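Please look over the sequence and the 3D structure shown here before reading the briefing that follows.

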Amino acid sequence: MQRYEQLLLENKAWAQEKVQDDPQFFERLVNIQRPDFLWIGCSDSRVPPNEITQTQPGEIFIHRNIANMVVHTDLNLLSVLQYAVEVLKVKHIIVCGHYGCGGVKAAMSRSSYGIINKWLRNIKDVYRFHQGEIDDLSSEDDRVNRLIELNVEEQVLNLAKTSIIQKAWKTEGRPHLHGWVYSLHDGVIKPLVEMAANTPLDHPIYEYDNLTDETV
Ligand code: CO
């Protein structure tokens with residue numbers, strides 16, 4: 001049997017097991033999704049959001065990309081964000097990075113990797129903002145891991161700078177934003193930063209003062 005065929009077999013077994021444990025499991029989920037959380041994580045195969053938080057289908061709306069970035073021109077991310085905030089009405093958004101992230105490591109080097117250079121540029125900018133603090137650390141691993149933490153914090157700020165979040169904060173007092181980092185060594189998530197709704201931004205120039213329902 002091919003390895004990919006094994007995936008389909010495992011899927012059948014999983015579906016049967018779910019129904020055995022809870023006969024209404026799929027029926028309940030088929031017509032409605034009402035997750036409380038949007039998760040923005042790294043695509044890394046070792047950081048599966050549902051598994052590491054022991055959550056079930058229906059509990060977390062998920063967006064993943066290389067190095068869990070919130071890029072303000074990324075239509076994919078912005079579409080997910082708008083849907084999660086305005087339609088699903090999530091209460092919390094979690095940006096979860098992970099130590100040892102290959103995307104951040106690559107961004108800290110001076111190697112060219114082709115098209116992904118454009119994506120990694122956003123992380124190089126975060127390094128530039130915090131270069132003094134990062135360069136003071138003695139080992140390469142410590143420098144990369146500190147940039148991973150600072151990058152998560154920057155992406156939380158990037159969320160707060162979107163009109164989507166600012167509008168929801170103003171009108172509904174949600175969602176709360178969280179920055180977390182996951183350790184590949186012990187599987188434990190460390191919370192780094194939390195921004196309750198309507199927390200002032202790092203600079204007032206990012207705060208829109210003319211948001212209306214029509215603003216996108
Ligand atoms: Co990663």
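At 7% relative accessibility, Cys42 counts as buried, where buried means under 20% relative accessible area, exposed over 50% and partly exposed in between, using a 1.4 Å probe and protein chains only. This is a predicted model, in which local features need pLDDT of at least 70 and side-chain atom pairs count only at pLDDT 80 or more, while totals for chains, interfaces and linings use all residues. Residues are numbered from 1 along each chain as its sequence is written, and side-chain values use heavy atoms, with hydrogens and water left out.

**The cobalt ion**

- Cys42 (SG), His98 (NE2) and Cys101 (SG) are the protein donors of the cobalt ion, lying 2.1 to 2.3 Å from it; donors are N, O and S atoms within 2.8 Å of the metal (3.2 Å for Na, K and Ca), and sites may look incomplete because water is not among the atoms.
- Along the chain, these donors follow the spacing C-x55-H-x2-C.
- Cys42 in strand E1 (residues 37-42) and His98 in strand E3 (residues 92-98) are 56 residues apart, so that the pair links distant parts of the chain; strands (E, at least two residues) and helices (H or I, at least four) are DSSP runs, numbered from the N terminus.
- His98 is buried, with a relative accessible area of 1%.

**Asn151**

- Asn151 lies in helix H8 (residues 140-160) and is buried, with a relative accessible area of 1%.
- Not counting residues up to four places away in sequence, Asn151 touches Ala67, Asn68, Met69, Val104, Ile123 and Val126, where contact means heavy atoms within 4.5 Å.
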